[in-house]
Structure formats: C-alpha cells, structure tokens
Amino acid sequence: MVLAGSVAVPGWAHATPSEGLSGVTWVDIEIPPNLLPFVPDGVHTVAREITIDPGGTTGWHYHDGPVLGIVRSGTLTHPGADCEPVIYNAGEVIDEPAGADHMHVGRNIGTVPVVLDVVYLTPIGAPLFEDVPAPACATG
C-alpha cells in the first residue's frame, strides 16, 4: 500500500496507523489522459484484495478518488467522520466517495478475517489513501 503523510487538523488526535492489515495487488494500471472520452484527465486504477485480521484496522483515512469494493468474507465495521458505524457483511458492496470530507476507518471487531475486493480509481499521481488523525468523536 502507498502511505501518505499525516494531515494536521486542529482538535484531532494523532494519525491512526493500520494494524493487522495485508493486501495483494491484482491490477495496477494508469489510463492516460484523453485515451478514453469518459476519462479526460486519466485515472490510476488499482484492484486489490485486502485482509483485515480480527482486531485489525485500516487506520483513519480518505481517498482522492472513488473506491468500490465488496466484502468477500467477514463483517466490516466502517465508521465515518461522525463515528457512527456502518456495518458491511459478506456480499455487500462498499462505495466510498472521494475527498477529505469522507474520512473513515475500516475495523474488524469480529473473530474471523475480513476479506475485501477493492478497486481504487485515483487521480494520476495521487496515493491510494491519505492518512488522517481520528476525529474528536473517536478519541473521547
């Protein structure tokens, strides 16, 4: 995974690292600008299998482009900036919008690994995710 630097945001705790997380990249390609009329700026496309061990976390982050995924197995707990958890079970689709206002964390609070199949559609040159500190509601 590509790791980005922390973003300093007043009133937030330190960035949260990932734990118990592993991934396998299946596809990593760039579609150059103007090659396809519906992608005028081009796009960096990465398809990965991500495994989150029991007790593991992605750490708080956001994406510069949309991310689409499906939970292959396990149960993913996925709170956003409001700290309200959204639960995704096996077979459910995850659709994460781009931007810092869509920060989130993925957690496995279950007893079996969570396995995700994920496609990142990021701007060319952007990292797969941007690491951020946990929001105040997650630390207090």
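**Group meeting: a walk through one predicted model**

Leaving aside neighbours within four places in sequence, Thr-58 is in contact with Ser-18, Leu-21, Ile-52, Val-105 and Gly-106.

Where does Thr-58 lie? Thr-58 is in the loop between strand 2, residues 43-57, and strand 3, residues 61-62. Is Thr-58 buried or exposed? Its relative accessible area is 18%, and buried means under 20%, so Thr-58 counts as buried.

Rolling a probe the size of a water molecule over the atoms shows where empty space is left. How many cavities of 30 Å³ or more are there? The count comes to 1. The largest cavity holds about 220 Å³ of space. It is lined by 18 residues, and those closest to its centre are Ile-50, Thr-58, His-61, Glu-96 and Tyr-120. Which elements give two or more residues to that lining? They are strand 4, strand 7 (93-96) and strand 8 (114-122). Strand 8 gives the most, with 3 residues. By class, the lining has 10 nonpolar, 7 polar and 1 charged residues.

Now the largest pocket. Its volume is about 170 Å³. The pocket has 14 lining residues, and nearest its centre are His-78, Gly-80, His-102, Met-103 and His-104. Sorted by class, this lining has 6 nonpolar, 4 polar and 4 charged residues.

Strand 4 covers residues 67-73, and Val-71 is one of its residues. With a relative accessible area of 1%, Val-71 is buried. Which residues does Val-71 touch, not counting those up to four places away in sequence? They are Tyr-88, Asn-89, Ala-90, Gly-91, Glu-92, Ile-94, Val-115 and Leu-116. Take Asn-89 from that list: Val-71 and Asn-89 are 18 residues apart in sequence, and their C-alpha atoms are 6.3 Å apart in space.

On to the cysteines. A disulfide is a covalent bond between the sulfur atoms of two cysteines. The structure holds 1 disulfide. Cys-83 and Cys-137 form it, with their sulfur atoms 2.0 Å apart. The pair links distant parts of the chain, 54 residues apart: Cys-83 is in the loop between strand 5 (75-77) and strand 6 (87-89), and Cys-137 is in helix 1, residues 136-139. Why is the disulfide called right-handed? The torsion about the S-S bond of Cys-83 and Cys-137 is about 80°, so the disulfide is right-handed. Cys-137 is partly exposed, at 41% relative accessibility.

Last, the backbone. Most residues other than glycine have a negative phi. Cys-83 has a positive phi, near 70°. Asn-34 also has a positive phi, of about 70°, although it is not a glycine. Asn-34 lies in the loop between strand 1 (19-31) and strand 2. Its relative accessibility is 65%, so Asn-34 counts as exposed.

Note on methods: Residues numbered from 1 in each chain as written. Predicted model: local features only at pLDDT ≥ 70, side-chain atom pairs only at ≥ 80, totals over all residues. Heavy atoms only, no water. Helix = DSSP H or I, 4+ residues; strand = E, 2+ residues; numbered from the N terminus. Buried < 20%, exposed > 50% of the residue type's maximum accessible area, 1.4 Å probe, protein only. Contact = heavy atoms within 4.5 Å. 1 Å grid on protein atoms, 1.4 Å probe; cavity = no way out; pocket = protein on both sides within 12 Å on 5 of 7 lines; lining within 4 Å. Points joined across faces, edges and corners; volume = space filled by probe spheres on them. Nonpolar A, V, L, I, M, F, W, Y, C, P; charged D, E, K, R; others polar. Disulfide = S-S within 2.5 Å.
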